[in-house]
Amino acid sequence: MKKGLLAIFITVALATPVLASSGSSSKPLAGTYPIILSHGLFGWGENSGGIISIVNYWGGTDDYLRSQGATVFAPGKTAANSNEVRAQELKAAILTYSAATNYTGKFHILGHSQGGLDSRYMVSNLGLSGRTASLTTLNTPHYGSPIADIIKTVLPSWIQPFVASIVETLVKIVYGGTNQQNALAALSSLSKEGLTSFNAYTPNKSGVKYFSYGSSITIPDLIQHPLMGILHPACGAGGLFQGQGFTNDGLVPLSSQKWGTWKGGPSYGIFTTGVDHLQASNTLRSGSFWYDVEGYYLNIASNMKANQ
């Protein structure tokens, strides 16, 4: 009898650490609804072609989220076009993905920059609110980008189509594909006037939870912010003129990034001079050296999971 009890005790003792270890190794994002990553202006997705497809728009954060247990789909859309056109393309990509994977449930959406705007339009106006658990935007110009307004002001109306055609040609060369680019439509969609109109016919949908994250540059040094540091002063001046404040990420005022429940931005060390527009999405891995990109995205995805 005593030998039998001893055997049971030993068995339980040996099994206990194994079970505890098994529980602790559970991936933090397991069970999360699939996450859709919606890229911004001049962005690309995992199914994009052309030279640009050699690199990852999200800087590997999509693969990191997968490693933490999430299902992630990062579709491509037209690089330069209106919010409405890109929203149609995003919807088509999601429905195609749903059919291919036989998935009929809800999604979480994370949209960077203009990707947050086309996602909002899709959810509000294209009938996908019932499939969307949460919509999170990242450095999205919900109330416009001063840079878009500056370009519209500086370039005379007669030369804008010519400049747009050059941009569109370059985009076709770099991105490949047959999608019709429309740089002027994109520019209008990102202006303060365009977003004032857009917000009027793109209200939040009940049943969908809206969150926003964002960041700004503290000092526009060209070492950490080689491109956005150049644009930062102009964006700040334009932001002050438009009543959006000076603080910005190089393209978008911080005040314009807030929509739904504001969640703030990433934490970083004292030697990091803020997080700019491209670093926020880790495009071309531009943010990895300056802040904890993986921790930031895990936090964003964990918030999604907690709100499904």
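Visitor: How many helices and strands are in the protein chain?
Guide: The model is a predicted one. Its protein chain has 308 residues. The C-alpha atoms fill a box of roughly 95 × 45 × 40 Å along the principal axes. The count is eleven helices and six strands.

Visitor: What percentage of the residues in the protein chain count as buried?
Guide: Buried means under 20% relative accessible area. Among the 308 residues of the protein chain, the share that counts as buried is 48%.

Visitor: What share of the contacts with a separation of 6 or more comes from residues 24 or more positions apart?
Guide: A contact needs heavy atoms within 4.5 Å. Take the contacts in the protein chain with a separation of 6 or more. Residues 24 or more positions apart account for 78%.

Visitor: What is the volume of the largest pocket, and which residues are closest to its centre?
Guide: The largest pocket has a volume of about 850 Å³. There are 34 residues in its lining. The closest to the centre are Leu41, Phe42, Ile151, Leu190 and Leu251.

Visitor: Which elements give two or more residues to the lining of the largest pocket?
Guide: By class, that lining has 26 nonpolar residues, eight polar and no charged. The elements that give two or more residues are H5, helix H6 (160-175), helix H7 (183-189), H9 and H10.

Visitor: How many charged residues are in the lining of the second largest pocket?
Guide: The second largest pocket holds about 250 Å³ of space. Of its 17 lining residues, the closest to the centre are Ser48, Gly49, Lys77, Gly176 and Asn179. The lining has three nonpolar and eleven polar residues, and its charged residues number three.

Visitor: What span does helix H9 reach from its first C-alpha to its last?
Guide: Helix H9 covers residues 228-241, which is 14 residues. At 1.5 Å a residue, 20 Å is expected. The span is close to that, at 19 Å.

Visitor: Which helices are included in what covers the buried residues of H9?
Guide: The buried residues of H9 are Met228, Gly229, His232, Cys235, Gly236, Gly238 and Gly239. After the helix comes Gly243, with a positive phi near 75 degrees. The cover over the buried residues includes helix H5 (146-154) and helix H10 (277-280).

Visitor: How far apart in space are Ile217 and Ser165?
Guide: In sequence, Ile217 and Ser165 are 52 residues apart. From C-alpha to C-alpha, the distance in space is 32 Å.

Visitor: Why is the pair of Phe73 and Tyr97 classed as it is?
Guide: A search of the whole structure finds 14 aromatic pairs. In this one the ring centres are 4.5 Å apart and the planes of Phe73 and Tyr97 stand at 10 degrees. Planes under 30 degrees apart count as stacked. The pair is therefore stacked.

Visitor: Which elements hold Phe73 and Tyr97?
Guide: Phe73 is buried at 10% relative accessible area, and Tyr97 is buried at 16%. They are 24 residues apart, so the pair links distant parts of the chain. Phe73 is in strand E2 (residues 72-73) and Tyr97 in helix H3 (residues 83-101).

Visitor: Which residues do ring pairs link into a cluster?
Guide: Rings pair if their centres lie within 6.5 Å. The cluster joined by such pairs consists of Trp44, Tyr57, Trp58 and Tyr175.

Visitor: Is Phe42 buried, partly exposed or exposed?
Guide: Phe42 lies in the loop between strand E1 (35-38) and helix H2 (61-67). Phe42 is not a glycine, yet its phi is positive, about 60 degrees. Its relative accessible area is 34%. That falls between 20% and 50%, so Phe42 is partly exposed.

Visitor: Is Asn282 buried or exposed?
Guide: Asn282 is found in the loop between H10 and helix H11 (293-306). Its phi is positive, about 60 degrees, although it is not a glycine. At 1% relative accessibility, Asn282 counts as buried.

Definitions and conventions:
Residues are numbered from 1 along each chain as its sequence is written. This is a predicted model: local features need pLDDT of at least 70, side-chain atom pairs count only at pLDDT 80 or more; totals for chains, interfaces and linings use all residues. Side-chain values use heavy atoms; hydrogens and water are left out. Helices (H or I, at least four residues) and strands (E, at least two) are DSSP runs, numbered from the N terminus. The expected span of a helix is 1.5 Å times one less than its number of residues. Buried means under 20% relative accessible area, exposed over 50%, partly exposed in between (1.4 Å probe, protein chains only). On a 1 Å grid over the protein atoms alone, a cavity is a set of points where a 1.4 Å probe fits but cannot get out, and a pocket is an open set with protein on both sides within 12 Å along at least five of seven lines; lining residues have an atom within 4 Å of a point. Grid points are joined across faces, edges and corners, and a volume is the space filled by probe spheres set on the points. Ala, Val, Leu, Ile, Met, Phe, Trp, Tyr, Cys and Pro count as nonpolar, Asp, Glu, Lys and Arg as charged, and the others, Gly among them, as polar. Rings of Phe, Tyr and Trp (its six-membered ring) pair if their centres lie within 6.5 Å; planes under 30 degrees apart count as stacked, over 60 as edge-to-face and the rest as tilted.
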